[in-house]
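Me: Can you walk me through this one? Start with the aromatics, then the strands.

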Amino acid sequence: MNFFAKYILCSAFVFVACENAVPQQNQLQKKAAPVSSSSEIIAESSCSSSEEISSSSELEISSSSILSVSKKGKKGTYRRMSKNAESDTTPEIVPEENLHLCDNVPEYAFCDERDGNIYNKVKIGSQVWMAENLKYAAEGSWCYNDRHDLCNLFGRLYTWTAALALSDQYLTSSAGSLISSKHQGACPEGWRIPTSGDMKILSSFIAEKNAERGTEGVGTSLKAMNGWKKSKDGKMGTNRYGFKGVPAGSRHADGSFGEYGEGGSFWVAEETADASRAPYWDLYYANDQFWGEYSNLKKVAYSVRCIRY
């Protein structure tokens with residue numbers, strides 16, 4: 001057999017083999033996309049591909065989205081992308097280790113899918129509150145004295161703009177119509193930054209309930225039982241309603257920290273007439289009240305306590 005005949009015969013054999021291989025490859029692709037050596041999901045089948053799809057690399061692909069393993073960042077991260085996306089916008093990257101942290105969350109808690117943090121929640125009157133301060137690491141937030149152990153205990157401290165998820169240009173100018181009546185801000189999905197109206201409802205409910213059983217102040221009822229500096233009369237928090245207000249302190253406008261163990265302050269989704277300032281509500285070790293007649297520079301960092309929609 002001459003060289004030309006051998007070439008024709010070989011080419012025909014390769015064509016038949018490839019034609020027979022494609023349906024099997026496409027059948028596998030409907031179930032899962034194999035991961036290539038470049039850590040990208042393979043979106044097209046190839047007759048010449050010899051990669052095998054193992055059970056550990058299989059990913060379910062829906063009609064509306066695909067999962068693509070990120071080349072950068074932590075090992076095992078992924079990003080969700082629109083199947084028909086034509087832009088180069090980088091989707092949010094979510095650590096794979098967070099995927100299952102939100103499984104089997106008890107009824108009395110909820111999970112922030114952005115970082116896997118699990119928070120207790122509590123119903124007080126008609127409202128449902130986080131029973132802990134927010135810990136989400138937004139830009140413009142800090143752990144007290146940059147100590148991550150205190151973040152775990154007392155949550156992070158946020159500037160007003162970080163709390164409301166607004167540009168820092170609004171640290172010194174009015175955000176105006178950008179503040180909505182149900183402003184999510186840095187809170188997880190389904191939760192929002194409270195208003196002074198929400199705080200007043202909370203305070204009024206507790207005051208009314210306390211009046212039925214004694215003279216305990218609203219602030220004393222909201223404070224956690226531990227962590228607070230003792231007042232002159234020796235009173236400590238009772239956490240009577242499960243709010244668990246903690247003395248997280250604050251970060252001052254000059255970058256220094258203070259009031260740890262003495263005060264816990266919470267931003268609200270409002271501004272004052274002075275565009276560089278915003279109101280907040282305060283718990284303080286030396287009294288038994290919960291007061292909201294204060295305002296401070298938006299550059300100061302306070303706690304965030306979210307309320308459910």
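Reply: Tyr144, Phe154, Phe257 and Tyr260 form one aromatic cluster. This is a predicted model, so local features need pLDDT of at least 70 and side-chain atom pairs count only at pLDDT 80 or more, while totals for chains, interfaces and linings use all residues. Residues are numbered from 1 along each chain as its sequence is written, and side-chain values use heavy atoms, with hydrogens and water left out.

Me: How many aromatic pairs does the count come to?

Reply: 14 aromatic pairs. Rings of Phe, Tyr and Trp (its six-membered ring) pair if their centres lie within 6.5 Å; planes under 30 degrees apart are stacked, over 60 edge-to-face, the rest tilted.

Me: What about Tyr144 and Tyr260: how far centre to centre?

Reply: 5.1 Å, with 35° between the planes, a tilted pair. Tyr144 lies in the loop between β7 (141-142) and α2 (148-154), and Tyr260 in the loop between β11 (257-258) and β12 (263-267), so the pair ties together parts 116 residues apart in sequence. Helices (H or I, at least four residues) and strands (E, at least two) are DSSP runs, numbered from the N terminus.

Me: Is Tyr144 buried or exposed?

Reply: Buried, at 10% relative accessible area. Tyr260 is partly exposed at 36%. The cut-offs: buried is under 20% relative accessible area, exposed over 50%, partly exposed in between (1.4 Å probe, protein chains only).

Me: And Trp267 with Tyr280, what sort of pair?

Reply: Edge-to-face: 6.3 Å centre to centre, 80° between the planes. Trp267 is in strand β12 and Tyr280 in strand β13 (residues 277-284), so this pair ties together parts 13 residues apart in sequence. Trp267 and Tyr280 are buried.

Me: Which charge lies over Trp142?

Reply: Arg251, over the face, 3.7 Å from the ring centre. Lys298 puts its charged end over the ring of Trp160, 4.3 Å from the centre. The rule wants NZ of Lys or CZ of Arg within 6 Å of the ring centre and within 35 degrees of the ring normal.

Me: Strands now. How do β4 and β5 pair?

Reply: Antiparallel, over three bridges: β4 is residues 109-111, β5 is 118-124. Strands pair if DSSP finds at least two bridges between them. Phe110 has Tyr119 of β5 as its bridge partner. The two strands form a hairpin with six residues between them, and Gly116 in the turn has a positive phi of about 80°.

Me: Where does β5 go next, and how many bridges with β6?

Reply: β5 pairs with β6 (residues 127-130) in the antiparallel sense over four bridges. Lys123 is bridged to Val128 in β6. This hairpin has two residues between its strands, with Gly125 in the turn at a positive phi of about 65°.
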